[in-house]
Amino acid sequence: MEEQKTPDLTPFTGPAGGWGSVRSLAEILPREQLGPVDLAQLARQNKPGGFQCVSCAWTKPAEYHPAEFCEEGAKATAWELTARRTTPDFFATHTLADLRTWSDYHLEEHGRLTHPLKYDPATDKYQAVGWGEAFDDIATRLKALDPKSTVFYASGRASLETSYMYALFARMYGHQNLPDSSNMCHESTSVGLKKVIGAPVGTCLLEDFDHCDLILFFGQNVGTNAPRMLHTLRSAKKRGCTVVTFNPLRERGLERFTDPQNPIEMATLGETQISDHYHQVKAGGDLAVLTGLTKWLVEADDAARAAGKPAILDHDFIAEHTTGFEDVAQHARSTSWDEIERNSGLTRLAIEQTARIYADAKATIGVYGMGLTQHVLGVQNVTSYVNLLLLKGNIGRKGAGTCPVRGHSNVQGQRTVGITEKTELAPVDKYRELYHFEPPTEKGHDTVSTCEGIIDGSVRAFIGLGGNFLRAVPDHRVIEPAWGGLDLHVQVATKLNRNHLFPAKANGATYLLPCLGRIEEDLDAQGNHKAVTMEDSLSCIHGSVGKVKPASPALLSEPRIVAELALRVVGDNPHVPWMAWAGDYGLVRDAIERTYPEEFKDFNKRLFTPGGFWKGNKAREREWQTESGKAQFTVPTKLSATGFDDEDGVWRLITLRSNDQFNTTVYGYDDRFRGIRGTRDVILMNANDIRERGLREGDLVTLESTVEDGVERKVENLRIHAYSIPLGCIAGYYPELNPLIALAHHAEESHVPAAKSVPVRILGPTGHAR
Ligand SMILES: Nc1nc2c(c(=O)[nH]1)N[C@H]1C(S)=C(S)[C@@H](COP(=O)(O)OP(=O)(O)OC[C@H]3O[C@@H](n4cnc5c(=O)[nH]c(N)nc54)[C@H](O)[C@@H]3O)O[C@H]1N2
Ligand SMILES: Nc1nc2c(c(=O)[nH]1)N[C@H]1C(S)=C(S)[C@@H](COP(=O)(O)OP(=O)(O)OC[C@H]3O[C@@H](n4cnc5c(=O)[nH]c(N)nc54)[C@H](O)[C@@H]3O)O[C@H]1N2
Ligand SMILES: [Mo]
């Protein structure tokens, strides 16, 4: 599907799911030219013994639907199984300079990579290379470099087995520069939750959604980014559970849903209303909302107790399990409603209404996503959300808890098995005990410091295990040119993307290594299908078996690629038999079990437990592995999470995903729920703001960063689209708008780029700032 000449911006009136979802699939599936065998794969998706969807990380239930996939999952499967191929012949006719003019959509749409490739600077083209030659050369170059000057990135999709091997390889080689897509995503969760409840992940299980009577939803767009969760929400709603949403944009998936798998709903155009109350908070205004909720609850509790009435807060829980309550209560009491209203963009009435609902609820789940984590004060968003839950003992209790909705299908799992730049999260003692080497303990590079290192030249080599790092990070115009200073650039990938088009320096080396996708068969020496595993958003671990013929006979599995490199760089030893591991992933699972005996007990036996096996979480049992040994209330330092001051003409830009993309993978140019067809170059803006600033719907404008550091950050030709969004906030698509985000604009502590409030100016058609 080409970008349309005349984009269509007509509001969408249907529900999430429903016939719109069936129609969208009917457009996309034939384009990938899938045969009946490939389509039959959809029936195996997310079931025990089948394969785990390569799209989002939402949990897979033990009692599954006949078709346990959603529109987005089906698109992701089709995208991987496509009949199209990007072969060495293709590269023989295209220079990288030429390919850099292609869109993200066209690069990936061309199809699966089929052969290992090496870049030839003389012709500016990739050429086929043998696997052995590629591994030997990469290993020789790595051995010549200081390990600390190299970075091993991972994008959140590779299995637990691959990830464990990759992290071990990095540390045996001598570094823990192991940034992960998590650094751009839920790192604010991992840092925030670890600090205040002692566990870096959410505390809920699927069964909690059967027992809660309130679900709060902050900054997560479930209809597009975790659609299978709509089934969970629909069941909760049918039971009478209340859902209250805080989101600047009106998101269709949070409003209403028609279950495409329910024939009656489909035939009668029936639908489930998801949110009972929908509050359009200003981008970055959640700290004010959370402080406001706390204020009402604390003051109502003060008053109730003074009048001899039952308390509103759970004082027994607070006394036994927490510290810091009085400071948070005092902060809330002394914050004025004026400040809260100004910073949240919501009325006192709206916040009080939610506080009352929360006060009356017996068990509350706090769901959230990128709307909280991708802010300068993203960690405080997370810890303030926990404050609210702690007030009523809503952690470690049936039907209650914190529920961050993760992104990539194994992003949480990669962190679990050692892909982390932080020593305190790495199994350092186990590495010593099991493998007899001294692991590095100096903090490694995260995403932001990797970019800084590439810019200042201290990072000399980049290995990417999946992903599209250069496109996912901020500040493209600064980092793209700096990339050419690397000595070594290696990418393990399934499809061509823009990051692959930026080679290392001329006397360095650049390799593109194609790997098997998760849905493809990976056979052992006896011809049996091998299984790999992933961890979902609710900490459940599932086996996954691919059964489709690989896109090309030349592809290698990810564990094999990691093993071949590790073998050549750090060598084999009796404790770490790389090639034996690559031949039998059961051995890697044994190694994972030895490293994490509690979480992965009987790993190989529990591989195909329906619904996955839960790896456990002490916070769920109210055992707090924090500094104080208690759950920690934390006073927020500000009421706005944006990290910049309001000023006339400075807009808060939200960068987010459409319904037709998976991160930098663009499936098409439509965003059905937001009424956008045929373009991604849009800015969503409040109709009153459009009018007041002398603009008109459909006008083409330029956005410009307000950061003054000598770098020009501009994106031109963006079409104005009137949308239900708060005054002063605008929204548009990632990754097209990433050139507007300064690298320094990232979260305190977690370093997640602050993609949900980017300070920008709007230059109208005449070039004047609005
Ligand atoms: N189909 C599909 N599925 C995906 C992905 C995909 O690209 N496509 N990506 C995967 C990945 S890696 C991730 S991390 C997840 C991301 O899933 P989400 O967490 O849903 O991420 P976004 O789409 O970036 O936007 C989140 C929501 O936050 C809202 N928001 C923005 N600013 C604020 C704010 O200040 N406060 C509040 N309360 N809300 C705000 C936005 O309006 C939007 O609805 O999805 C995963 N699943
Ligand atoms: N402005 C802005 N920037 C953002 C965000 C935002 O909301 N706003 N979101 C951030 C978030 S949450 C994330 S997670 C990052 C995402 O950043 P990344 O994870 O780096 O990017 P993806 O787009 O998911 O990577 C897509 C590529 O992965 C490769 N791939 C696909 N499947 C496989 C596989 O099985 N194996 C291997 N080896 N490769 C595979 C393909 O070649 C494909 O081109 O972006 C971040 N950047
Ligand atoms: Mo993500």
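How do the residues of the shell around ligand 2 divide into nonpolar, polar and charged? The shell comprises 13 nonpolar, 14 polar and six charged residues, with Ala, Val, Leu, Ile, Met, Phe, Trp, Tyr, Cys and Pro counted as nonpolar, Asp, Glu, Lys and Arg as charged, and the others, Gly among them, as polar.

The model is predicted: local features need pLDDT of at least 70 and side-chain atom pairs pLDDT 80 or more, while totals for chains, interfaces and linings use all residues. Residues are numbered from 1 along each chain as its sequence is written, chains are lettered from A and ligands numbered from 1 in the order in which they are written, and side-chain values use heavy atoms, without hydrogens and water.

**View 1. The shell around ligand 2.** Ligand 2 is surrounded by 33 residues (a heavy atom within 4 Å). The closest are Y153, E558, T664, Y734 and N738. Helix 24 (469-472) and strand 17 (488-493) each contribute at least two shell residues (DSSP runs, H or I of at least four residues for helices and E of at least two for strands, numbered from the N terminus).

**View 2. Backbone polar contacts of ligand 2.** Polar contacts are pairs of N or O atoms within 3.5 Å. A polar backbone atom of G466 lies 3.4 Å from a nitrogen atom of ligand 2. Oxygen atoms of the ligand are found 3.1 Å from a polar backbone atom of G467 and 2.9 Å from a backbone N or O atom of N468.

View 3. M165 belongs to helix 8 (residues 160-173). Its relative accessible area is 0%, so M165 is buried (under 20%, 1.4 Å probe, protein chains only). Leaving aside residues up to four places away in sequence, M165 touches P559, V562, A563, W578, W581 and V588 (heavy atoms within 4.5 Å).

Conventions:
Polar contact = N/O pair within 3.5 Å; in protein donor to acceptor, adjacent residues only side chain to side chain. Buried < 20%, exposed > 50% of the residue type's maximum accessible area, 1.4 Å probe, protein only.
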